[in-house]
Amino acid sequence: MLATYLQALVSGLAIGGVYALIALSFSITFTTTRTLNFAQGEFIGVGAFLGVTALYLFSSGGSFAALEPAASAGFRYPAAAAAAGAAMGALGLLLFIAAIRPFAGKPGMSWVMSTIGFGIILQSLGLAVWGPAPVNMPSPFGDEVLRLGGAGVRPQEIAVLAVAVLLMVALDLLLRRTRLGKAMRAVAHDPKVAALMGINVGAVMLGAFALSSGLAGLGGVLVAPIASASLFMGMGIALKAFSGAILGGLDNPRGCIFGGFALGLLEAGVALWQAQWREIVIFLLIILVLAIRPNGLFGARALDKV
């Protein structure tokens, strides 16, 4: 029984790391532009397929639909992850220019439909290029199960957790200790005042969307060896990551990280009891939290001055 709990703990932390990373990407765009990328799920799926494509190009041969384990060996997997992240970051720039900036400062929420439409276009292009069938991405660490205290853990799960934690620490330092991070926080606080202080608000917003989209693409490559790469894989991940961001507080990056890990652990814990109750429990919790604390557990409370 202890081994079962330990396995659920490791699996929950691994998938929670992905949720936390994507939740942080939602927070980055929300705090800087007060908008969200509702195509983030499609960015995850396309990012995974770009990673598979990069591995196929790096390898000496084999089938795209069934890559050999050696295709992820050495530098190839990190290079494929970096390439997918960079490509999705560039698409994030296009998303901001085409689907966000035209509606900035205007009443209404036209950007919601524009980002959803951008995601549908991106997914349709992916279907035209790669087709609807999922593709297996080999793990650079192999598929041999490691035994930790009697629990069977896949090496990729440990790798996902380690990479996610390193990225989140790096991003936290970026946001809190660097001039760029201070500029992003200034824009998040008040874009007009930030512009008067000499900060290029447009460039900061562009960078926020590029960073957010790059994280989505990287997340797709990280999780693809665990769950086969699919153009439809990102919807569930993005929805739960967004739920984690809501749980922790969209305007609090550290709260988003907490919310992502909390949902991952909750999902793994409920799966020990009844797997089909995972989504029910998760979204009941989100509804309960929003009813009690509308801004999330760690979100800033809005003050209305009269």
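Me: Happy to start with R34: where is its place?
Reply: This is a predicted model, and in it R34 sits in the loop between α1 (2-33) and α2 (40-58). R34 has a positive phi of about 60 degrees, although it is not a glycine.

Me: Why is R34 called partly exposed?
Reply: Its relative accessible area is 46%. Partly exposed lies between under 20% for buried and over 50% for exposed, so R34 with 46% is partly exposed.

Me: What makes D172 and R176 a salt bridge?
Reply: Their closest N and O atoms are 3.1 Å apart, and the cut-off is within 4 Å, so the pair counts. Both residues lie in helix α5 (residues 155-177), 4 residues apart, about one turn of the helix.

Me: How do you know that D172 is buried?
Reply: D172 has a relative accessible area of 18%, and buried means under 20%, so D172 is buried. R254 also forms a salt bridge with D172, with the closest N and O atoms 2.9 Å apart. Since R254 lies in helix α10 (residues 253-273) and D172 in helix α5, this pair ties together parts that are 82 residues apart in sequence.

Me: Good, and what makes R278 and E267 a salt bridge?
Reply: The closest N and O atoms are 3.7 Å apart, and the limit is within 4 Å, so this pair qualifies. E267 is buried at 9%, while R278 is partly exposed at 28%. Salt bridges that share partners join K240, E267, R278 and E279 into one network.

Notes
Residues are numbered from 1 along each chain as its sequence is written. This is a predicted model: local features need pLDDT of at least 70, side-chain atom pairs count only at pLDDT 80 or more; totals for chains, interfaces and linings use all residues. Side-chain values use heavy atoms; hydrogens and water are left out. Helices (H or I, at least four residues) and strands (E, at least two) are DSSP runs, numbered from the N terminus. Buried means under 20% relative accessible area, exposed over 50%, partly exposed in between (1.4 Å probe, protein chains only). A salt bridge is a side-chain nitrogen of Lys or Arg within 4 Å of a carboxyl oxygen of Asp or Glu.
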